[in-house]
Amino acid sequence: LPDGVRVGKTPSGLALKTLYVGDYANMRPVYAKLDGYRRAYRLDSAGEPWEVYLDDPDKTDPAQLRTEIYLPVK
């Protein structure tokens with residue numbers, strides 16, 4: 001799948017997932033890409049997206065912070 005997007009299943013259903021690396025302040029374009037992918041493949045939104053922070057921002061350079069972003073779909 002393009003741009004590191006993966007489709008997987010969560011306990012509540014299907015979700016698109018991508019890994020973002022960088023400063024939290026610059027994540028907005030990632031959400032636009034996920035939504036574009038969702039629309040391109042005619043997937044319906046199934047709720048609000050969520051983030052999983054993999055690194056401690058107090059101990060990690062902002063440019064190296066890793067965040068998983070999930071977008072539930074149906």
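Here are some questions and answers about salt bridges in this predicted model.

Local features here need pLDDT of at least 70 and side-chain atom pairs count only at pLDDT 80 or more, while totals for chains, interfaces and linings use all residues. Residues are numbered from 1 along each chain as its sequence is written, and side-chain values use heavy atoms, with hydrogens and water left out.

Q: How many salt bridges does the count come to?
A: Side chains of opposite charge can pair when their charged atoms come close. Here a salt bridge means a side-chain nitrogen of Lys or Arg within 4 Å of a carboxyl oxygen of Asp or Glu. By this rule the count is 4.

Q: How many residues apart in sequence are the parts that K17 and E68 tie together?
A: K17 and E68 form a salt bridge, with their closest N and O atoms 3.5 Å apart. Strands (E, at least two residues) and helices (H or I, at least four) are DSSP runs numbered from the N terminus. K17 lies in strand β2 and E68 in strand β4, so the parts they tie together are separated in sequence by 51 residues.

Q: Is E68 buried or exposed?
A: Buried means under 20% relative accessible area, exposed over 50%, and partly exposed in between (1.4 Å probe, protein chains only). The relative accessible area of E68 is 15%, so by this cut-off E68 is buried.

Q: Which residues are linked with D35 in a network of salt bridges?
A: R38 pairs with D35 at 2.9 Å between the closest N and O atoms, and R39 meets D35 at 3.0 Å. R38 and D35 both lie in helix α1, 3 residues apart. The network links D35 with R38 and R39.
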